[in-house]
Amino acid sequence: MQQLKPMSCIRLCVVVLEIFSRPHAMSFVPTGGTGHQHCGEDAWQEDTSMRTTIRVENEVEAHKLANNYRFGFRKWNSHVTERPIENRSNIVRELYSDLNSVKPQSGSLITCGNMAYCFLFGWWISLSYLLVGVLMFLTIIGAPYGKLCWKLSCYFLWPFGKSIEKVNTRCCVRFSNSKLIPDEASSKERKEDNELKESTPLLMSAVPLPTWAPPQRTRYWCRVSTYAWLLLGYPLLAVIHTLACFLSWILVFAIPVAKMNGRTLGIILLMPPEDVHIHPLKRLQSYENQVLLCCYHSFNWYYYKYTLDGINVFAVNLLPLVIVTLVIGYVDSDNKFVSSEIKFATGVSSIIPLSYYIGMGIASISAQSNFAVGAVVNATFGSITEMTFYITALLRGHHAGSKCYEEVVKSALTGTLLGCVLFIPGISMIVGGCKHREQRFNSRSAGVSSALLFISVGGVFAPTLFSKAYGSLVVVTWRVSFSSRPLVYTVAVLLPAAYLIGLIFTLKTHSHIYDTQASDGHTHVQGGHGVVVHWSRCRALSVLILATLLMAFCADLTTEHIKPILDHSAISQYFIGVTLLAMVTEIPEIMNGIQFALQNNISLSLEVGSCIAVQVCMIQIPLLILFNAFYDVGFVLIFSDLHLWASIFSVIVVNYIFMDGKSDYFQGTALVVVYLILLALYFFAPSPPAC
């Protein structure tokens, strides 16, 4: 071994002293995995100074993702800005293609999806073209369109591996003793012609006049056959293609079929029939023809990522359900045509898309505003979905003189707490662990959330423990509970105060725990001027207000028709409140947690559930107490023993799981199993005495 030079020894000592003088530089607690991990199309990592680096395309997205790490802000996974299609993956580009480009064919076209197209769409679309073609042949003047219908009938029976092209009909001129020359020559031919003209004498340079030209066609809108087609053939096919578009769009994964039918209806069927040619892709076509339609596959499983103006396709498809709920709820108020069970099911289902729109609006406003505005919007609209349902249920129970609605609200509150503490982290760990084997998260930030959970559960169930300790305060009716109200009001003041202290701790004094910075990685981070935002602040606020109003109407209809479900159901009302009414509103949050876990960012998956659970205890329940103080609906903060022990046990279990800062599918399975065991308790439990 060679001896080190004196200067090398000095440098080595300096480096060692610098390392040991900065011990924090040796600590490394990654939030989304070890080393440099890429999460989808964004990368997340922590450097040696405990700072989370966010690599994004622009400043608006950086602000949105930074809000995800802030305490008290709703976690949102979808993008709020438009992303250039050229910067996205080939799979995503395929989703947004217009099916008008010929690509190299790879693999066989005989797939399960294409075969399913023939059974679900192909045969009846092809049959419709045959019938319309016969009709056009009977009119005699519409014979050209009859031929077009025959060709399209063969095409739609199996459209894969074929292309529909618009023939270039530019006029060609025939010269004497010459061949057909198109009006646009190649650059080489034009150069040769120019050289020939320059070298030819003036008297010899005269170009002979044309001796033949093709006959001019009648204009499309000046033909009698066009109007026969628009009156007889096109309306019938418009109905067929519209139905096919609707059915394939609802299926989501068959959106290529919807695009194919839409382009046919809007472009191909409105063209002159002689300009439409259908060719197999194996045959060499002219490069002068314009490809109108070329489809390779009818189904694509990645269409669950498809968005319209930033809105997920599933939220778009569920939005008409809100209108259906309002129509059948208020028009058929006597249940003559639709039963209460169906109205209840549609009312609960309509909450799902409205929750998504509210989340998108909150994320859009927060990403384009400063911290103060974002905090106010999150505090105002973050719990609006659940609060709307709880207040409408309490009002209806008060007017009906039934305490059953109050018990259902308490069950829904407890169910939301259990689902956010156990199910959302558990299912996220299972999904993320199956893909990434083992994931790491910031145990210190998780410890802050765990402490707030303990404070929340202790505060919420303090009146219940007080009533258990002193039997004279066991509530029978709302009048007896008057003596325990001071304790309830004290809790209602202390819980929001603890929430405010948590905000100051995590966002001001100890913000380094959640510290984030924007980094462009290998790409340039654009400024706010060149960013195209899906929803502006004004539009997002309008959507928030409209979605909140629709949520109020849907919640009113849901609570109106919940009584027959509670009366005639053989299942305990506890179980209905803990499962159905509690977790339906959290479906968008569950999907966000799963997507974060798939992106190897388990920290945000855990924060999704913790954030909602803390808001339930520290914001929603104090707001219900405040509402009851101004308008007495009989809401008393006394929970049953089952709610009490289930909530305490859940918080203890989840804190034990979060101790080591690691997660895998086994830990997630343990949380989900505990959640299912508690659901079994509620399923077999007797109904509340008030019901």
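Colleague: Which residues of H22 meet H23?
Modeller: This is a predicted model. In it, Leu642, His643, Ala646, Phe649, Ser650, Val653, Val654 and Ile657 of H22 are in contact with H23. On the H23 side the partners are Gln667, Leu671, Val674, Leu678, Leu681 and Tyr682.
Colleague: How does that contact divide by class?
Modeller: There are 11 nonpolar residues, 3 polar and no charged ones.
Colleague: And at what angle do H22 and H23 pack?
Modeller: About 175°, with the axes 11 Å apart. An angle over 145° counts as roughly antiparallel, so that is what H22 is to H23.
Colleague: Other pair now. How do H16 and H21 cross?
Modeller: Residues 485-509 form H16 and residues 602-630 form H21; their axes come within 9 Å and cross at roughly 140°. That makes the two helices oblique.
Colleague: Left-handed or right-handed?
Modeller: The crossing of H16 and H21 is left-handed.
Colleague: What does H16 put into that contact?
Modeller: Val488, Tyr489, Ala492, Leu495, Pro496, Ala498 and Tyr499. They meet residues of H21 including Val614, Gln615, Met618 and Pro622. By class, the contact has 14 nonpolar residues, 1 polar and no charged.
Colleague: Switching to H10. Is that helix buried or exposed?
Modeller: Of its 28 residues, 24 are buried, so H10 is largely enclosed by the rest of the structure.

Note on methods: Residues are numbered from 1 along each chain as its sequence is written. This is a predicted model: local features need pLDDT of at least 70, side-chain atom pairs count only at pLDDT 80 or more; totals for chains, interfaces and linings use all residues. Side-chain values use heavy atoms; hydrogens and water are left out. Axes are lines fitted to C-alpha atoms, for helices over the stretch in contact, and angles run from 0 to 180 degrees between N-to-C directions. Helices (H or I, at least four residues) and strands (E, at least two) are DSSP runs, numbered from the N terminus. Angles under 35 degrees count as roughly parallel, over 145 as roughly antiparallel, 65 to 115 as roughly perpendicular and the rest as oblique. A crossing is left-handed if the near helix is turned anticlockwise from the far one by less than a right angle, and right-handed if clockwise. Contact means heavy atoms within 4.5 Å. Ala, Val, Leu, Ile, Met, Phe, Trp, Tyr, Cys and Pro count as nonpolar, Asp, Glu, Lys and Arg as charged, and the others, Gly among them, as polar. Buried means under 20% relative accessible area, exposed over 50%, partly exposed in between (1.4 Å probe, protein chains only).
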